[in-house]
Amino acid sequence: MTPHHLSTLDARRIAVRAQLLDSARPTALLDVVRHLTLLQIDPTAAVAPSAELVVWSRLGPAWSPADLAAALTKRTLVELTATIRPAEDMALHRAEMAATRDRPPPGRRGEFVAANDACRRDILARLRAEGPLPSRVIPDTCVVPWRSTGWTDQQNVIRLLEAMSLRGEVAVAGRLGRDRLWDLAERVHPDDPVVPLDEALRRRDARRLAALGIARARTTQVPIEPYDVGTAGEPAVVDGVKGMWRVDPRYLGQPFTGRAALLSPFDRLVHDRRRLLELFGFEYGLEMYKPAANRRWGYYALPILHGDRLVGKLDATADRRAGVLRVDAVHEDEPFGTEVAAAVTGEISSLASWLGLETRAGRLTSWAGVPRISAPLRRARA
């Protein structure tokens, strides 16, 4: 078919609307997660856990993280490979899990699992008898260690459990503090009919496109969740951007009214950095792994959305011991007018209120046009 011809404005508005970040806020946690398809889990909580921040950006300050914990306890939502997903979506993953069991993937992970098959069977037997269990109480009977140049070196049981979860043998059944509790997958995942692999992959592509609005058919492969969507949707071209896109036709020609939002660094609107540059002209990177002197925007800077533009970054930290949301900088990619400054200030105040903290400027001394923040902040150019 003839590709749809989109301006970058059209493309941005499609992307924002698809991510539930326009003015028509959703009202229910499960509706948000079902539409977005996932919430990515990350242990960093400089402001708040990423999964909670993503939901707050959609539902607003009336939403409580206790609702997320309750949904995980009831298993209407479940954990899978560092993500939280609707439990019913496991039917779209189980055929791939079975294929992984039958034909282990080449490379280091597959070799590690094969070499430690006896340990794998020990884990299954222990979970069957005693689960759910945290990994630290499961004996390490691996004969070949997991080797890594990073922090995962020698974490044999955890690496094996994670590989077994991709095989559909075990699953995260809950948490005890920050510890994951592991159990047999058959006791965690719904016993829904398995969707055949080819159909499941097509449906996952279609759901991903519905959540993104516009995406590449093929692009850089990344862990956890792809950025691309295969043949889902319809072809499109975007003015000034090379190559073909796929667009969900349900978003074409729809009216748009935007709002301000502060986003997690792992928010799906900003997670694909190439798409972010091509459609929004927004340069961004997570800088917590950089030395402090080399950071441009801060340890855990939150992208700032206003309408259909990403306009800056918020450098802030939740100091729960002191009871404050400490704001060190608001970096402006484009100069904020009075309307944008007021909207951003409102979102900062909303974030602090949701966290149960007072807003306080950090070591900085001035940011004009932010009357609702208890101490003024610095304007900073990106």
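By class, the lining of the second largest pocket comprises eight nonpolar, two polar and six charged residues, where Ala, Val, Leu, Ile, Met, Phe, Trp, Tyr, Cys and Pro count as nonpolar, Asp, Glu, Lys and Arg as charged, and the others, Gly among them, as polar. The model is predicted, so that local features need pLDDT of at least 70 and side-chain atom pairs count only at pLDDT 80 or more, while totals for chains, interfaces and linings use all residues. Residues are numbered from 1 along each chain as its sequence is written, and side-chain values use heavy atoms, with hydrogens and water left out.

The lining has 16 residues, of which Arg 94, Arg 101, Gly 168, Ala 185 and Glu 186 lie nearest the centre of the pocket. A pocket here is an open set of points on a 1 Å grid over the protein atoms alone, where a 1.4 Å probe fits, with protein on both sides within 12 Å along at least five of seven lines, and lining residues have an atom within 4 Å of a point. Helix 5 (94–102) and helix 7 (117–130) each supply at least two lining residues, and the largest share, five residues, comes from helix 5. Helices (H or I, at least four residues) and strands (E, at least two) are DSSP runs, numbered from the N terminus.

Turning to the sheet, three strands form an open, antiparallel arrangement in the order 5-7-6, two strands being paired if DSSP finds at least two bridges between them. Its edge strands are strand 5 (133–134) and strand 6 (170–176), each of which pairs on one side only. Strand 5 pairs with strand 7 (residues 179–184) over two bridges in the antiparallel sense, and Leu 133 stands opposite Trp 182 of strand 7. Helix 7 packs on this sheet, touching strand 5, strand 6 and strand 7, and its direction makes about 90° with that of strand 7; contact means heavy atoms within 4.5 Å.

How do the axes of helix 1 (residues 8–18) and helix 9 cross? They come within 6 Å and cross at roughly 110°, the axes being lines fitted to C-alpha atoms, for helices over the stretch in contact, with angles running from 0 to 180 degrees between N-to-C directions. Helix 1 and helix 9 are therefore roughly perpendicular to each other, a term that covers angles of 65 to 115 degrees. Ile 14, Ala 15 and Ala 18 of helix 1 meet Ala 210, Ala 211 and Leu 212 of helix 9, and the residues of this contact divide into six nonpolar, no polar and no charged.

Definitions and conventions: Angles under 35 degrees count as roughly parallel, over 145 as roughly antiparallel, 65 to 115 as roughly perpendicular and the rest as oblique.
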